[in-house]
Amino acid sequence: MTAPHDGNGRKVSSLAEIPTSIEPGRDLWPNIEARLKESPAAAPVTTGAHAIPAHLRRARPPWLAAAAMVASVAVGVWIGRSLLPGVGRGVEGTAATTAPSGFAAATDATVLDAAYVSDPRYQRQRAALLRSLPARLAALPPPARAKVLASLAAIRKAKEDLESALGKDPSNALLQELLVDTYQDEMRVLTDVREASEPGRGI
Amino acid sequence: MRIACGITLSLLTLAASGLAFAREDRTFDKTVAAQPRGVVDISDVAGSIEVSGWDRQEVSVHAELGDEVERVDVSSEGGRTTVKVVLPSHTHGHGEAELHVQVPKGSEIDVSAVSADIRVSGVLGVERLNAVSGDVTAELGDADVEAKTVSGDLRLKGHGSAARLHASSVSGDVHLEHGAGDFEGSTVSGELVVSLDSARSIRARSTSGDLRLEAKLAHGATVEATSVSGDVNVRAAAADGGFSYEVSTFSGDITDCFDIKPEHAGRYMPGSTLQGTRGEGAGHVRLKTMSGDVQLCDRS
């Protein structure tokens, strides 16, 4: 075993003999500055304690983040509804008490309702339309009422089918798009029914 | 005896003339001056509404009124003519009226009905047609058309003049023949059958109803059709520039007349897609379903 040497080749017998700082043989800054100028985008990252090399970093698509958020909310809602059945169904339940037969089955909320359309304004508007729907339906001619209920049932089934398919393939963009379309269709139907039965609309 | 017979005959004659008078009283006729490109609002709850365009600068209304109809109001002011069938408040909308309205052919019309059927012909201005359970049948002019029903069927027939056409129904069928320009149509459970002589854009959507689109695409035209469980059948012929296409379905089948097989998402994943280009690929065709089958062809 050989004794350690200091920077000048002398033998070191104690820690105190080791210099606390060593001056480099040449000025390193011009080279560092040149490298920094070559890759300006990397500069802020390299200042962090856990800097990631530029070649390893990739931009994450925003939809991936949105999909992940939607999926986590959906799972939360699913668990919440499974553990606490009946919670969050007050509006539909109230409406169903005075509604025509088939109304509740056609308009009851589906599992992902709250997850996919979390905008409170949308939720408020949908709840208001559902509250008034039994009265609106009652004002329609009976054959039209039956057909509207059938259409609302078709929308509900479509939502259930899409949610079931999303359960198997949560990141499927096609299914997500079709589900959003179906929510829009439901709102269109509810709005059309409200307008059709509105007094003083010139009809 | 002779006197008794005379009295009976007189009473019968009186009754008959009274009935005739009463029947005559249940028709309504009125004509008012109107602007050649004015707006005409027409509303009727039940019965029928027939609107036709003519060359006169007048709105003429002829109506046959059911027993429960109170009156017909016709007014014209500042380029807007209003025709409204008024029911007494206790009828709950059961009074029927058969309305025949002639309007200057350049008029913009706004027609509303509950269970009354609407028929429109010879009107060249903008048409806004709304019915709840009544059917709507309309000839398209050169201007935009917006037709909407809840459960009634829509039948629109154009002459190949480009316009913006918007047709939607909740449960009724939507049919369009010889349309042109931009079409947007939707139905929840009804069938949507559309043919356009020259299409700039088509957007069609259904929840469970089938979609059948046939169109000659203008250069760079776009076609988007989506359905959850309905089948989608598109025949798009691009006379100039061709089109690129992208078809995707989660669990339906895809067929085409290009001899191209769709790609499946994976061995353990449902879903298939079909992508490609016809001609130069100037237009774009996108078709999507969840469980409905999709057919795409570029010839009829």
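User: At roughly what angle do the axes of helix 7 and helix 9 of chain A cross?
Analyst: In this predicted model, helices are DSSP runs of H or I with at least four residues and strands are E runs of at least two, numbered from the N terminus. Axes are lines fitted to C-alpha atoms, for helices over the stretch in contact, and angles go from 0 to 180 degrees between N-to-C directions. Helix 7 (residues 120–139) and helix 9 of chain A have axes that come within 9 Å and cross at roughly 45 degrees.

User: What are helix 7 of chain A and helix 9 of chain A to each other?
Analyst: Angles under 35 degrees count as roughly parallel, over 145 as roughly antiparallel, 65 to 115 as roughly perpendicular, and the rest as oblique. Their crossing angle is roughly 45 degrees. Helix 7 of chain A and helix 9 of chain A are therefore oblique.

User: How are residues and chains labelled here, and what pLDDT do local features need?
Analyst: Residues count from 1 along each chain as its sequence is written, while chains are lettered from A and ligands numbered from 1 in the order in which they are written. Totals for chains, interfaces and linings use all residues of this predicted model, side-chain atom pairs count only at pLDDT 80 or more, and local features need a pLDDT of at least 70.

User: How many nonpolar residues does the contact of helix 7 with helix 9 of chain A have?
Analyst: Residues are in contact if their C-beta atoms, placed from the backbone, lie within 7 Å. Here A:Leu129 and A:Leu133 are among those from helix 7, and A:Met187 and A:Leu190 are among those from helix 9. Ala, Val, Leu, Ile, Met, Phe, Trp, Tyr, Cys and Pro count as nonpolar, Asp, Glu, Lys and Arg as charged, and the others, Gly among them, as polar. Sorted that way, the contact has 2 polar and 3 charged residues, and its nonpolar count is 6.

User: Is helix 8 of chain A roughly parallel or antiparallel to helix 9 of chain A?
Analyst: The axes of helix 8 (residues 142–168) and helix 9 (residues 173–196) of chain A come within 10 Å and cross at roughly 160 degrees. That makes helix 8 of chain A, relative to helix 9 of chain A, roughly antiparallel.

User: How many nonpolar residues are in the contact of helix 8 with helix 9 of chain A?
Analyst: Helix 8 of chain A brings residues including A:Leu152 and A:Ile155, while helix 9 of chain A brings A:Leu178 and A:Val189, among others. There are 2 polar and 3 charged residues in this contact, and the nonpolar ones number 12.

User: Which residue in the turn between strand 5 and strand 6 of chain B has a positive phi?
Analyst: Strand 5 (residues 71–77) and strand 6 (residues 80–86) of chain B pair in the antiparallel sense over 7 bridges. They form a hairpin with 2 residues between them, and the one in the turn with a positive phi of about 55 degrees is B:Gly78.

User: How many polar residues are on the side of chain B that touches chain A?
Analyst: 29 residues of chain B are in contact with 29 residues of chain A. Strand 2 (39–44) and strand 8 (108–113) of chain B each supply at least two residues of that side. By class, the side holds 11 nonpolar and 4 charged residues, and its polar count is 14.

Note on methods: Two residues are in contact if their C-beta atoms, placed from the backbone, lie within 7 Å. Two strands pair if DSSP finds at least two bridges between them.
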